[in-house]
Amino acid sequence: MKKIITKLLGLASIAGVVAGAVYFIKKKSDVDDEDFDDDFDDEDFDLDNDLKSVSDREYVSLNTGAQAAETAKEAAEEVAEKVEEAAETAADKVEKAADTVEDKAEDIASAAADKTKDITNAVEEKTKKTLQALKGKAESAAETVKETIKKNKED
């Protein structure tokens, strides 16, 4: 459940970034150029003479609401596709990172096990040598004690 929530929050943040980028680009393209302002200031229009009579005029129906809705729908679909692609890419990267971490952990565990075996073998070897040395010293001490007892009995 925690993974799903994390993924959804990640997708929402990516969608927010993409929406912000789309808004910024759209806002930037709507900026008026000051160069064109001079073209309209000098001319004087006489609208009464320029317009045709009412019966000769052709009216064009404006579908700005429908067109804007269509444009918004297309933009939303593009954003959704980009968010989905980004989420898939992020999921792939996370999965690769997890695999790498798992592989490294296995390598470290294997190396630690090998080191532990080496240390155990070294300790075992040293213990055997120490026991043999102590056994030899104990035997020598026992011999010395026996000899001392024999000398004491003889005296």
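This is a predicted model: local features need pLDDT of at least 70, side-chain atom pairs count only at pLDDT 80 or more; totals for chains, interfaces and linings use all residues.

The questions below go from the overall fold to single residues.

User: What pattern does the protein follow along the sequence?
Analyst: The protein has four helices and zero strands.

User: What share of the 155 residues in the protein is buried?
Analyst: Buried here means under 20% relative accessible area. The accessible surface of the protein is about 14600 Å². Carbon and sulfur atoms hold 57% of that surface. Of the 155 residues, the buried share is 2%.

User: Which residue forms a salt bridge with Glu124?
Analyst: Side chains of opposite charge can pair when their charged atoms come close. A search of the whole structure turns up one salt bridge. In it, the closest N and O atoms are 3.7 Å apart. The partner of Glu124 is Lys128.

User: Why are Glu124 and Lys128 separated by about one helical turn?
Analyst: Both residues sit in helix α4, which covers residues 64-154. Glu124 and Lys128 are about one helical turn apart because their spacing in this helix is four residues.

User: Is Glu124 buried, partly exposed or exposed?
Analyst: Buried needs under 20% relative accessible area, and exposed needs over 50%. Glu124 has 43% relative accessibility. That value falls in between, so Glu124 counts as partly exposed.

User: How much accessible area do Met1, Ile5 and Leu9 have together?
Analyst: These three residues form a nonpolar patch on the surface. One of them, Ile5, lies in helix α1, residues 2-29. Ile5 is partly exposed, at 43% relative accessibility. Together, Met1, Ile5 and Leu9 have an accessible area of about 370 Å².

User: What is the volume of the largest pocket?
Analyst: Rolling a probe the size of a water molecule over the atoms shows where empty space is left. For the largest pocket, the volume comes to about 320 Å³.

User: Which helix gives the most to the lining of the largest pocket?
Analyst: The lining includes Lys3, Thr6, Ile14, Ala87 and Val94. Helices α1 and α4 each supply at least two lining residues. With six residues, the helix that gives the most is α1.

User: How many residues in the lining of the largest pocket are nonpolar?
Analyst: Among the lining residues are Leu11, Ala90 and Ala91, along with Lys7 and Gly10. By class, two lining residues are polar and two are charged. The nonpolar residues number six.

Methods. Residues are numbered from 1 along each chain as its sequence is written. Side-chain values use heavy atoms; hydrogens and water are left out. A salt bridge is a side-chain nitrogen of Lys or Arg within 4 Å of a carboxyl oxygen of Asp or Glu. Buried means under 20% relative accessible area, exposed over 50%, partly exposed in between (1.4 Å probe, protein chains only). Patches are made of residues with over 30% relative accessible area and no salt bridge: like charges are joined within 9 Å, nonpolar side chains (Val, Leu, Ile, Met, Phe, Trp, Tyr) within 5 Å. Accessible areas come from the Shrake-Rupley method with a 1.4 Å probe; for residues, only the protein chains shown count as cover. On a 1 Å grid over the protein atoms alone, a cavity is a set of points where a 1.4 Å probe fits but cannot get out, and a pocket is an open set with protein on both sides within 12 Å along at least five of seven lines; lining residues have an atom within 4 Å of a point. Grid points are joined across faces, edges and corners, and a volume is the space filled by probe spheres set on the points. Ala, Val, Leu, Ile, Met, Phe, Trp, Tyr, Cys and Pro count as nonpolar, Asp, Glu, Lys and Arg as charged, and the others, Gly among them, as polar.
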